[in-house]
Amino acid sequence: MEPKTIAIIGAGARGSGFGEICAAVPQLAKVVAVAEPRNDFRKTCSTMHQISPDRQFRGWQDFTAQPRMCDAVIIATMDQDHVGPAVACLEKGYDVLLEKPMATTLADCQAIEAAQRRSGRIMGVCHSLRYHKSFRMVKDLVAGGAIGRIVTVELIEQVAFWHQAHSFVRGNWGNQARSTFMLLAKSCHDVDYLCYLIPEPCRRVSSFGSLSYFRPENAPVGSTSRCTDPCPVEPICTYSAIKQYVNVANPQAWPASAVSLDAGREARLQALKTGPYGRCVWKCDNDVVDHQVVNFEYAGGITAVFTMTAFTKAGGRRLTVHGTQGELMFDESTIRIQSFTDGSSRIIEPGAETGGHGGGDYRLTCDWLRALKSQDDSAVVANAQESLRTHRVVFAAEQARLEGRVVTLD
Ligand SMILES: NC(=O)c1ccc[n+]([C@@H]2O[C@H](COP(=O)([O-])OP(=O)(O)OC[C@H]3O[C@@H](n4cnc5c(N)ncnc54)[C@H](O)[C@@H]3O)[C@@H](O)[C@H]2O)c1
């Protein structure tokens, strides 16, 4: 069987990563078109996949204006640019792999889900945790009854101080008007995973949180607007952009790579002088929260608590699932199950997997590609309907935070 032909819509960090995954499975996929406004990123993608000039587009609008030219699209534009290409591509008859969040409003998520149903095309949404090797193992253990029936769950998302500064203060997701709110941008993964793990519908949510630290009033005395000004505080500043992007062991690695394609020291410094990543973390246009908690009540009285915090050294998640017969504790490397029945303690080390999100990016892309080949979407565990179901909970939780009340989901 021929590989499925794919167009990459948005060949930035994620889109180019999906392109690499496609290139690694030539029996399943071949990238034949790209839509990307940035010349250098479009060129890099075109060169890597030998895309002919007539299939290189400056935006999804130009791509979807053409007759259907391949089997499927991978949409990895920024959050606010999901609904446009997703609906247009589904209407054109493309199968779709869409980055999370589905869209930045509930109405737009519903529009995408409706377009998928109308078109009947196969669609997956990139809820990477569902495909992460260890998170998948936790789900299988809990669903298999390893701790009895779930009673309550605690999940903490440790964003890490430097990651918050990079993505949610200086970078793409710092300002809600430009991207979206934190719970949707970052923690829709966590809400989705909780709603996947707990086999009951979510009924009620409440939430608190704010932007407490990355605000002008917390700027050190004497600090300037850019780390490169030069700033007198920079040499001792935890959040120095020069430390984070220039004086690094591997300038090719993310997040340094996000600053400029040229990994040379001078190019990086120049990018910090003019671009967003050189700004003082207390003097940006950021407004998204740096910590938030959400309480969930599911049918049957199951409860869950989620905390997102910028203020951690390590990244990753920690999860505890309390069941009627035991407890499961998970920190992304080790799963520990303690049985109440016989007092035993079991430790499972799933082992690291290469690739983004514990191999999740590879697995979700391949599951979707296999579904396209077999025309059977049962392996796509986050399809349009499932993704809409868990996005609803995210929007309800944010409404609860903003309105200071408990929100009931119907
Ligand atoms: N699943 C995950 O775990 C995960 C992780 C990180 C990011 N994301 C999501 O992936 C998406 C992309 O994030 P990213 O880090 O790659 O951002 P990015 O800015 O690196 O890439 C987005 C690309 O879209 C391009 N673009 C802008 N307008 C366009 C248009 N009209 N047509 C086509 N392309 C256009 C931009 O030029 C850019 O190259 C976001 O929605 C983000 O939230 C998901």
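# Close-up views of a predicted protein chain

**View 1. The whole protein chain, a predicted model.** For 410 residues a compact globule would have a radius of gyration near 22 Å, and the 22 Å of the protein chain therefore agrees with that figure. The radius of gyration is taken over C-alpha atoms, and the globule rule is 2.2 Å times the number of residues to the power 0.38. The C-alpha trace spans about 60 × 60 × 40 Å along its principal axes. The chain holds 13 helices and 15 strands; helices (H or I, at least four residues) and strands (E, at least two) are DSSP runs, numbered from the N terminus. Of the 410 residues, 45% are buried. A residue is buried if 20 or more other C-beta atoms lie within 10 Å of its own, exposed if 12 or fewer, and partly exposed in between, with C-beta atoms placed from the backbone. Among contacts between residues at least 6 apart in sequence, 73% join residues at least 24 apart; two residues are in contact if their C-beta atoms, placed from the backbone, lie within 7 Å. Residues are numbered from 1 along each chain as its sequence is written. Because the model is predicted, local features need pLDDT of at least 70 and side-chain atom pairs count only at pLDDT 80 or more, while totals for chains, interfaces and linings use all residues.

**View 2. Helix 9 against helix 13.** Helix 9 (residues 188–197) packs on helix 13 (residues 384–403) at an angle of about 120 degrees, and their axes are 9 Å apart. Axes are lines fitted to C-alpha atoms, for helices over the stretch in contact, and angles run from 0 to 180 degrees between N-to-C directions. The two helices are therefore oblique to each other. Angles under 35 degrees count as roughly parallel, over 145 as roughly antiparallel, 65 to 115 as roughly perpendicular and the rest as oblique. The crossing of helix 9 and helix 13 is right-handed, where a crossing is left-handed if the near helix is turned anticlockwise from the far one by less than a right angle, and right-handed if clockwise. Helix 9 contributes Cys188, Val191, Asp192 and Cys195, which meet Arg389, Thr390, His391, Val393, Val394 and Ala397 in helix 13. By class, this contact of helix 9 with helix 13 has six nonpolar, two polar and two charged residues. Ala, Val, Leu, Ile, Met, Phe, Trp, Tyr, Cys and Pro count as nonpolar, Asp, Glu, Lys and Arg as charged, and the others, Gly among them, as polar. Among the buried residues of helix 9 are His189, Tyr193 and Leu197.

**View 3. Helix 4 beside helix 5.** Helix 4 (residues 83–91) and helix 5 pack at an angle of about 10 degrees, with axes 9 Å apart. Helix 4 is therefore roughly parallel to helix 5. On the helix 4 side the contact is made by Val83, Ala86, Val87, Leu90 and Glu91, and on the helix 5 side by Asp108, Ala111, Ile112, Ala115, Gln116 and Ser119. The contact of helix 4 with helix 5 has, by class, seven nonpolar, two polar and two charged residues. Leu90, in helix 4, counts as buried, with 25 C-beta neighbours inside 10 Å. Not counting residues up to four places away in sequence, Leu90 touches Val96, Ala115, Gln116, Ser119 and Arg121.

**View 4. The loop at Gly171.** Gly171 is in the loop between helix 7 (161–170) and helix 8 (182–185). Gly171 is buried, with 21 other C-beta atoms within 10 Å. Gly171 and Tyr277 are 106 residues apart in sequence, and their C-alpha atoms are 6.5 Å apart in space. Leaving out residues up to four places away in sequence, Gly171 touches His166, Pro276 and Tyr277.

**View 5. Two cis peptide bonds.** The peptide bond from Lys100 to Pro101 is cis, with omega near -10 degrees. Pro101 is in the loop between strand 5 (95–98) and helix 5 (106–119). Asp229 and Pro230 are also joined by a cis peptide bond, with omega about 10 degrees. The loop that holds Pro230 runs between strand 8 (202–210) and helix 10 (241–245).

View 6. Gln50 is not a glycine but has a positive phi of about 50 degrees. Gln50 is in the loop between helix 2 (39–49) and strand 3 (56–57) and is exposed, with 9 other C-beta atoms within 10 Å. Glu332, a residue other than glycine, has a positive phi near 80 degrees. Glu332 is in the loop between strand 12 (326–330) and strand 13 (335–339) and is partly exposed, with 19 other C-beta atoms within 10 Å.
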